[in-house]
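Please look through the sequence and the structure shown below before reading on.

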Amino acid sequence: MMLRGPTGEWFLFFLAAIIPGLHLQRNGSSIQPASNSEPPSKAQIYQPVFQPSEAIPPIGTYMLKNAVGNPCIKATMGVEYIVIEKKKSWYFNLDPSRVSISGYCSKETAVLSLTLPANAASLQLFFKKENNLFYVTKLTAHVSPLPVCQGCANKTYSGLVDHEKLFTAANGQSFNCKSENLLLMSPALRIKLVPLQMQAFTLPKGQYGKEVECWADYNKRVIPIVIGATVVCLILIAVLTFLFIKDRRRQGYDRI
């Protein structure tokens, strides 16, 4: 609609005043709808923030399914990243609510990959099935945080543990460890898994099988029992020795 002359311009101003969402444009005094959209702001990039003190990591359960939809890897664990910078340790806990799960499962190999938004941090566990056992043969990790300290560079820390037989359990059973598992990924990066329970390849109904206790838990449970039993035996030997010596002395007095 084109209106010419002073009367037409007053009419356009009147329409713009009473109809919300319209504004005037001077090219021919036409009426155009107003746009409320604002220019898109730059997306914020997620970066982990390391802390100078250590805290208990939140525990997450991560499950991966194979191509036919059956569970093939299940891991329940808390994950802590430890960075060494300027001879000091800095800590970051993996938040399970932010983690994306990916990977694959085949007959004898499997990979579980945990990734934070914008690939800010990741942890990959490589599983292998051998005879009637499964174990983790390799771990890789990286984290791209904000500078961990004043004067520290903005960089990515990465590392791996390879050619190992970690967290071994029989097929159909789960590896379980309540003690800390500290993995030296590189001189500047360590990964702590605590607690840890995992099972791969055979997971009926997605449930953990019989638990296989780690050596650290076994030692914590058994060593106090062994020490206690040893102390009791030593006390018993000391008492018996004392009674034997006392009895021998009494016999000697009786003869006199």
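In which strand does Lys74 lie? In this predicted model, Lys74 belongs to strand 4, which covers residues 71-85. The protein as a whole has 256 residues, of which 34% count as buried, and its secondary structure consists of 2 helices and 15 strands.

**The whole chain**

- If we take the contacts between residues at least 6 apart in sequence, 55% of them join residues that are at least 24 apart.

**Lys74, a buried charge**

- Lys74 is buried and yet has no salt bridge, and the nearest side chain of opposite charge, that of Glu211, is 10 Å away.
- A salt bridge needs a side-chain nitrogen of Lys or Arg within 4 Å of a carboxyl oxygen of Asp or Glu, which is the cut-off to keep in mind when reading the distance of 10 Å to Glu211.
- The side chain of Lys74 does reach a backbone oxygen, namely that of Gly206, at a distance of 3.1 Å.
- Once its neighbours within four places in sequence are left aside, Lys74 is in contact with Thr61, Tyr62 and Met63, with Gln197, Met198 and Gln199, and also with Leu203, Gly206, Gln207 and Tyr208.

**Salt bridges**

- How many salt bridges does the count give? The count comes to 5 salt bridges, and those described here include the pair of Glu80 and Lys192, whose closest N and O atoms are 3.7 Å apart.
- Glu80 lies in strand 4 and Lys192 in strand 14 (residues 189-200), so this pair ties together parts of the chain that are 112 residues apart in sequence.
- Both partners of this pair, Glu80 and Lys192, are buried.
- Another salt bridge joins Lys165 to Glu130, with 3.4 Å between the closest N and O atoms.
- Because Lys165 sits in the loop between strand 10 (157-161) and strand 11 (166-170), while Glu130 sits in strand 8 (residues 121-130), the pair ties together parts that are 35 residues apart in sequence.
- Lys165 counts as exposed, with a relative accessibility of 55%, whereas Glu130, at 31%, counts as partly exposed.
- Lys192 also meets Glu180 in a salt bridge, at 3.4 Å from N to O.
- Glu180 is in the loop between strand 12 (174-177) and strand 13 (181-186) and Lys192 is in strand 14, so this pair ties together parts that are 12 residues apart in sequence.
- Glu54, Glu80, Glu180 and Lys192 are linked with one another in a network of salt bridges.

**Ser122 and its polar contacts**

- Ser122 is found in strand 8, and with a relative accessibility of 4% it counts as buried.
- The side chain of Ser122 is joined to that of His142 by a polar contact of 2.6 Å, and to that of Gln124 by a polar contact of 3.3 Å.
- With the neighbours within four places in sequence left aside, the residues in contact with Ser122 are Tyr81, Leu114, Thr115, Thr140, Ala141 and His142.

- Tyr91 has its place in strand 5 (residues 88-93), where it counts as buried at 17% relative accessibility.
- Although Tyr91 and Val49 are 42 residues apart in sequence, their C-alpha atoms are 8.5 Å apart in space.
- Beyond its neighbours within four places in sequence, Tyr91 is in contact with Val49, Phe50, Gln51, Pro52, Ser53 and Glu54, and with Glu80, Tyr81 and Ile82 as well.

**A nonpolar patch on the surface**

- Which residues form a nonpolar patch on the surface? The patch is formed by Ile235, Leu236, Val239, Leu240 and Leu243, which together have about 470 Å² of accessible area.
- Leu236, one of the residues in this patch, has its place in helix 2, which covers residues 215-255.

Methods: Residues are numbered from 1 along each chain as its sequence is written. This is a predicted model: local features need pLDDT of at least 70, side-chain atom pairs count only at pLDDT 80 or more; totals for chains, interfaces and linings use all residues. Side-chain values use heavy atoms; hydrogens and water are left out. Helices (H or I, at least four residues) and strands (E, at least two) are DSSP runs, numbered from the N terminus. Buried means under 20% relative accessible area, exposed over 50%, partly exposed in between (1.4 Å probe, protein chains only). Lys and Arg count as positive and Asp and Glu as negative; His and the chain ends are not counted. A polar contact is a pair of N or O atoms within 3.5 Å; within protein, one must be able to donate a hydrogen and the other to accept it, and residues adjacent in sequence count only if both atoms are side-chain atoms. Contact means heavy atoms within 4.5 Å. Patches are made of residues with over 30% relative accessible area and no salt bridge: like charges are joined within 9 Å, nonpolar side chains (Val, Leu, Ile, Met, Phe, Trp, Tyr) within 5 Å. Accessible areas come from the Shrake-Rupley method with a 1.4 Å probe; for residues, only the protein chains shown count as cover.
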